[in-house]
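Me: I have a structure open and a few things I'd like to go through with you. Can we take it piece by piece?

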Amino acid sequence: MRKFLMIPVFLILFVLAFQTNAQDPKYILQNPKTYTLIKTYVVKNTGTSNATDVSAEILVGRKNIFDYQYDSSIEYQPEPKQIITDKYGNDIAKFEFSNLPAAESIEIKVIRIATSSDIEYEIDTMHLSQNKADASQYILYLRHVDKIETSAPVIVSKAQQLTEGLEDDYYKAKAIFEFVNTYMTYDESDRYRNKGAVSALTTGRGVCEDYATLFTALCRSVGIPSRVVEGYRFDRSPNALLNHQWVNADLNGHAWAEFYLKDYGWIPVEVTQIYTVNGEKQVYWEGFSALKGSQYIATGLHNPLKHDIDMTCYVDQGHENDVILEPVKHKVRLEEVTIAKPKNPSEIEKTQEIVFQDVKQNNWAYKYVNSVYGKGIIKGYSDSTFRPDKPITRIEFMVMFSRMLNFLGYQAGTNNAFTFSDYPDSHWSREEYVYLANCLEKVEPSYSGPAGRAALTRIFDSSLDINKPITREEAVALFDRFLVEYNLYETVFSDIEDSRFKSSILKAYRNELVNGYADGSFKPEDNITRSEAAKLFDTYLNMQLGNAS
């Protein structure tokens, strides 16, 4: 049975989002990458005599049905005798061999070349269609099947409880996602792994397949067409997938889910991702109606009848137990990695303006919030608020800083990143933290030891304390090495003489990145708010892109 591996979660928003239709945007695609995935199987004759009329079936999966992936080709070595399609639309390649001598084997390769992107759906929650999906078209994705036990009483009862009082399929799916994402505990032990929805609900344990099947079963139980997608998920840390180098994909098998929403189509959800704050599990809303933060390769839809090993063998009478078909290795190669440079200001598409409930157009920070939100640098909350006056934590600010550098196309190194002793390895910010550390290493070399150590310890000493609000002087210090150096800095603020970041503050002022207060102070030790952070990032972006402020 295939073992699915959970990869630690990261948040990321990449460069230059583009929409599918300028008049009717449905989703944003980001960070496209092309992969070659090779699955190798071997047909072996373990007997002592020749086997004749040997046939083998391999579940290949589906091609070009996912909005976030384009499969340019699927090739076979050797060519199959026939390709049939199961009821889920998955291709099954049938191979036939007239003779297989004793103790010999035949190798079969399935080669898929695919370009996969991050995806985030732009759901207009103010104008959700009240019409349900046509059940006759999606009956396959409403059925009770093995591991997706839609009509099991425990599933039905829980689904009704979770969606009580909710009218729209979007909000029903959202409530189900919230439950599964926070309820389940990832457990790879044989007792819980790949046991299906009922097991996941009754035990609260399992792996990604169990998370996905539970979400799917609960959705189907309340009439929302839903399905499980199978494929691979890779960490985006520098060494996870290297350009033109083969990586063993066997331990990166993954499953996620999709639900159907009228007017939008199939919406992906990454329900397995875990998000914690101060050790407490929180809903990972970045995984709802989006796939991002990892490198995904979809191969097809879950077929409960052909799932475990994805293959069968048939031989002539008398050799049934002699000939076996087994996978040798599944490997993947990232064909190209490019960090896009930003377009000229005149070429950057205007993003749809957003209106948070608490940041109206008459708010001083409206244009800054709207600008950086549109570039994917800063985000709001699931209740449609931005909370502009809320202090921003050190790690939140660093993640936004990382996204900003990514948007600007900064070339990061691939060295091991410096990490503080109090920074958890599995934290959701890990990938953006690593990227930022490698960017900092380029502008402030550590000369020895891991990347980013010189810059990060200069600002935060020996402890990152990720949930501590970042101060105005710390925020400015993070920008220091990315600003133009001048020969002369005049002391313009009345309260920075004792600040250890005095030079960074004056440098930021000289670069016109920051201003002080009307009383001539800078208030270096005050916490920076979310709206102030938005202005800071927007100002720097305009400096780099040549826009008027």
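Me: What is the handedness of the crossing where H2 passes H4?
Reply: Quick background: this is a predicted model, where local features need pLDDT of at least 70, side-chain atom pairs count only at pLDDT 80 or more, and totals for chains, interfaces and linings use all residues. Residues are numbered from 1 along each chain as its sequence is written, and side-chain values use heavy atoms, with hydrogens and water left out. A crossing is called left-handed if the near helix is turned anticlockwise from the far one by less than a right angle, and right-handed if clockwise. For H2 passing H4, the crossing is right-handed.

Me: At roughly what angle do the axes of helix H2 and helix H4 cross?
Reply: Helices (H or I, at least four residues) and strands (E, at least two) are DSSP runs, numbered from the N terminus. Axes are lines fitted to C-alpha atoms, for helices over the stretch in contact, with angles from 0 to 180 degrees between N-to-C directions. Helix H2 covers residues 169–183 and helix H4 residues 208–221; their axes come within 10 Å and cross at roughly 145 degrees.

Me: Which residues in H4 do Ala 173, Ile 176, Phe 177, Phe 179 and Val 180 of H2 meet?
Reply: Contact here means heavy atoms within 4.5 Å. By that test, the H2 residues meet Tyr 211, Leu 214, Phe 215, Leu 218 and Cys 219.

Me: Is Cys 219 buried or exposed?
Reply: Buried means under 20% relative accessible area, exposed over 50%, and partly exposed in between (1.4 Å probe, protein chains only). Cys 208 has a relative accessible area of 0%, so Cys 208 is buried. Cys 219 also comes out at 0%, so the word for it is buried.

Me: How many disulfides does a search of the whole structure find?
Reply: A disulfide is a pair of cysteine sulfur atoms within 2.5 Å. Searching the whole structure with that cut-off gives a count of 0.

Me: What does Phe 479 touch, leaving out residues up to four places away in sequence?
Reply: Phe 479 is among the residues with the most contacts inside that core. Its partners are Phe 397, Phe 401, Met 404, Leu 513, Leu 536, Phe 537 and Tyr 540.

Me: Why does Ile 74 count as buried?
Reply: Ile 74 sits in strand E4 (residues 69–77) and touches Val 60, Lys 63, Val 110, Ile 111 and Arg 112, not counting residues up to four places away in sequence. Ile 74 counts as buried because its relative accessibility is 17%.

Me: Where does pLDDT stay under 50?
Reply: pLDDT is the predictor's confidence in each residue, from 0 to 100. The chain's mean is 81, and 82% of its residues reach 70 or more. Where pLDDT is low, the predicted coordinates should not be read in detail. The stretches under 50 include residues 1–25 and residues 307–312.

Conventions: Core = buried A, V, L, I, M, F, W, Y, C linked by side-chain atoms within 4.5 Å.
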